[in-house]
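Try each one before reading its solution.

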Amino acid sequence: MSEPAGILLRSVSKTYRGRGKVVEALKEMNLECPPGSFTALIGPSGCGKSTAMRIALGLESHDAGEVRIAGQPSATATAGGVTGVAFQDAALLPWRSVAKNVALPLEVLGRNPSRYNTEISHLIELVGLKGYEKALPGELSGGMRQRVSIARSLITSPKVLFMDEPFGALDQIRRRQMNVELQRIWSESESTALLVTHGIDEAVFLADYVAIMHANPGRVIDIVEVPFARPRHPDLFSDPEFHALTDRIAKVLHGE
Ligand SMILES: Nc1ncnc2c1ncn2[C@@H]1O[C@H](COP(=O)(O)OP(=O)(O)OP(=O)(O)O)[C@@H](O)[C@H]1O
């Protein structure tokens with residue numbers, strides 16, 4: 001029997017109701033991410049990307065459809081440390097050191113962080129922050145805080161990694177550097193990754209598949225396979241074939 005999809009959303013619907021407003025955030029959304037693959041989810045603001053991610057994490061209920069994370073119900077996967085998550089604002093605890101922020105998911109899962117010192121040091125090194133173990137978030141740049149957030153998302157060795165605009169707050173140069181680093185970190189982690197992003201070039205640089213969403217109601221309207229060999233180098237950002245693919249995706253995105 002083949003391994004279950006890393007992430008499976010089948011015909012998932014979600015409607016928000018409140019204060020006289022009804023928003024059909026997702027309607028029969030389908031998304032299947034093979035184990036070990038990297039998928040980028042792009043779409044206009046408000047098309048339901050974050051809603052889909054919250055449902056996949058079991059943080060939000062859905063009205064209809066099926067959700068499986070590494071073959072398990074989403075809430076079971078999250079409670080068991082199968083999933084890791086990194087958000088746009090890094091969301092670090094300001095009074096805890098880098099090492100203690102990275103250890104946080106272990107505590108949430110009721111594991112003893114002192115038994116994971118080797119893993120914590122390894123991840124801090126992996127994201128290029130060796131020497132900053134005892135630093136507080138306030139002493140770090142935005143890019144460094146994002147890297148702590150990514151190290152933290154990997155501490156439970158998740159099979160499935162969710163990232164919601166993790167580099168949204170960074171300038172383009174720093175963002176591209178982080179894209180290169182994320183590719184390296186992800187390939188070492190061997191996890192299935194789903195990245196929500198507004199950046200078509202970021203999506204194409206990082207992903208094996210780009211899932212394009214439209215809004216009202218939110219659903220995936222196309223999945224584009226990215227053919228470029230790995231590891232991908234920053235030169236790819238100026239490659240004509242890269243531009244041809246980003247243009248093609250932009251046209252689908254804008255309904256042309
Ligand atoms: N808790 C909520 N209550 C009511 N409506 C909500 C709630 N969360 C999201 N929505 C609505 O659902 C739709 C999808 O929102 P969502 O945040 O998933 O979109 P998004 O694609 O992630 O947007 P962005 O790219 O701007 O972050 C929007 O119309 C939003 O207003």
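Angles from 65 to 115 degrees between axes count as roughly perpendicular. Keep that cut-off for the first exercise. The model is predicted.

**Exercise 1. Describe how helices α3 and α4 pack: what is their crossing angle, and which residues make the contact?**

Solution. 
- Step 1: Locate the helices. α3 spans residues 98–108 and α4 spans residues 117–126.
- Step 2: Take the axes. They come within 10 Å and cross at roughly 115°.
- Step 3: Apply the cut-off. The range for roughly perpendicular runs from 65 to 115 degrees, so α3 and α4 are roughly perpendicular to each other.
- Step 4: Assign the hand. The α3–α4 crossing is right-handed.
- Step 5: List the contact. α3 supplies V98, A99, V102 and A103. α4 supplies I120, L123 and I124.
- Step 6: Sort by class. The contact of α3 with α4 has seven nonpolar residues, no polar ones and no charged ones.

**Exercise 2. Which residues touch the most other members of the largest nonpolar core?**

Solution. 
- Step 1: Take the core. The largest nonpolar core holds 68 residues.
- Step 2: Pick out the residues. A56, V102 and V210 touch the most other members. V102 also belongs to the α3 side of the contact with α4.
- Step 3: Follow V210. Leave aside neighbours within four places in sequence; V210 then contacts A40, I42, A203, V204, V224, V226 and I249.

**Exercise 3. Is N216 partly exposed or buried?**

Solution. 
- Step 1: The loop between β8 (209–214) and β9 (219–225) contains N216.
- Step 2: Count neighbours. N216 has 13 C-beta neighbours inside 10 Å, so N216 counts as partly exposed.
- Step 3: Check a distance. N216 and L41 are 175 residues apart along the chain, and their C-alpha atoms are separated by 16 Å.

Key:
Residues are numbered from 1 along each chain as its sequence is written. This is a predicted model: local features need pLDDT of at least 70, side-chain atom pairs count only at pLDDT 80 or more; totals for chains, interfaces and linings use all residues. A nonpolar core is a set of buried Ala, Val, Leu, Ile, Met, Phe, Trp, Tyr and Cys residues joined through C-beta atoms within 7 Å. A residue is buried if 20 or more other C-beta atoms lie within 10 Å of its own, exposed if 12 or fewer, and partly exposed in between; C-beta atoms are placed from the backbone. Two residues are in contact if their C-beta atoms, placed from the backbone, lie within 7 Å. Axes are lines fitted to C-alpha atoms, for helices over the stretch in contact, and angles run from 0 to 180 degrees between N-to-C directions. Helices (H or I, at least four residues) and strands (E, at least two) are DSSP runs, numbered from the N terminus. Angles under 35 degrees count as roughly parallel, over 145 as roughly antiparallel, 65 to 115 as roughly perpendicular and the rest as oblique. A crossing is left-handed if the near helix is turned anticlockwise from the far one by less than a right angle, and right-handed if clockwise. Ala, Val, Leu, Ile, Met, Phe, Trp, Tyr, Cys and Pro count as nonpolar, Asp, Glu, Lys and Arg as charged, and the others, Gly among them, as polar.
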